Amino acid sequence: MPNLEEFKARLEGLPQQKDLREYAESFEKYTKILELLRKGLKQTHQDMGYISKVFPYSECKKKLLPLLRSSVKIAKKLHKEIDEDPEKVKRKATENKVIKLKENASSAYTKCREIWNREIEGTVAKWEKIADVVKDLGAKGGREFKQAVESIKKQPIPQNDSEVDQVKATKDQLQNGI
């Protein structure tokens with residue numbers, strides 16, 4: 001026959017076990033989300049730097065820095081609150097802050113890509129028609145000039161200094177191609 005006292009003690013401990021499980025699940029969920037957001041924000045910050053190297057007069061820093069700073073501020077505040085009271089992980093306010101952080105990070109990522117695309121399109125628009133005319137006229141170097149325009153058109157955001165130098169060299173090739 002089972003020990004009723006032991007059974008009663010196990011039953012009384014179930015609510016605490018449920019709370020601990022919910023706490024652990026919330027903590028794990030937010031840890032994964034926040035790690036992904038940290039990586040995304042870091043990548044956006046790096047992309048901003050590379051865009052600024054290729055297009056020094058772009059609006060990249062002006063548009064992205066406020067979003068990145070806001071994200072860092074939210075993350076620091078969230079970290080401080082959870083550090084002081086880990087139970088806050090289970091609260092709706094924490095979820096709202098994580099959602100806000102996610103929105104900021106997503107917005108920064110999107111703006112970064114938009115700025116890059118706009119800068120590339122601006123560069124390509126200047127030279128695309130000229131490249132077509134030069135190629136059609138059969139001028140010396142016309143084909144290479146057109147290829148330079150096409151290559152910069154497809155260029156993703158550089159991810160290191162050598163890629164930055166490549167994009168700059170292609171831009172210079174366009175400038176010097178005429």
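Which residues lie nearest the centre of the largest pocket? I found Leu34, Arg38, Ala75, His79 and Leu101 there, within a lining of 22 residues. I was working with a predicted model, in which local features need pLDDT of at least 70 and side-chain atom pairs count only at pLDDT 80 or more, while totals for chains, interfaces and linings use all residues. Residues are numbered from 1 along each chain as its sequence is written, and side-chain values use heavy atoms, with hydrogens and water left out.

**Pockets.** I took a pocket as an open set of points on a 1 Å grid over the protein atoms alone, where a 1.4 Å probe fits and protein lies on both sides within 12 Å along at least five of seven lines; lining residues have an atom within 4 Å of a point. The largest pocket holds about 570 Å³ of space, a volume being the space filled by probe spheres set on the points, which are joined across faces, edges and corners. I noted that α1 and α2 each supply at least two residues of its lining, helices being DSSP runs of H or I with at least four residues, numbered from the N terminus. By class, that lining has 12 nonpolar, 4 polar and 6 charged residues (Ala, Val, Leu, Ile, Met, Phe, Trp, Tyr, Cys and Pro count as nonpolar, Asp, Glu, Lys and Arg as charged, and the others, Gly among them, as polar).

For the second largest pocket I recorded about 160 Å³ of space. Its lining includes Phe55, Pro56, Tyr57, Trp127 and Lys171, and α3 gives the most to it, with 5 residues.

**Aromatic pair.** The ring centres of Phe55 and Trp116 are 5.6 Å apart and the planes stand at 65°, so the pair is edge-to-face (rings of Phe, Tyr and Trp, the last by its six-membered ring, pair if their centres lie within 6.5 Å, and planes over 60 degrees apart count as edge-to-face). Because Phe55 lies in the loop between α1 (4-54) and α2 (60-84) and Trp116 in helix α3 (residues 92-137), the pair ties together parts that are 61 residues apart in sequence. Both Phe55 and Trp116 are buried, that is, under 20% relative accessible area with a 1.4 Å probe, protein chains only.

Thr94 is found in helix α3 and is buried, with a relative accessible area of 4%. Not counting residues up to four places away in sequence, I found Thr94 touching Tyr30, Leu78, Ile82, Lys88 and Val89, a contact being heavy atoms within 4.5 Å. Gly142 lies in helix α4 and counts as buried at 1% relative accessibility. With the sequence neighbours up to four places away again left out, Gly142 touches Val134 and Lys135.

How values were computed: Phe/Tyr/Trp six-rings, centres within 6.5 Å; stacked < 30°, edge-to-face > 60°. Buried < 20%, exposed > 50% of the residue type's maximum accessible area, 1.4 Å probe, protein only.
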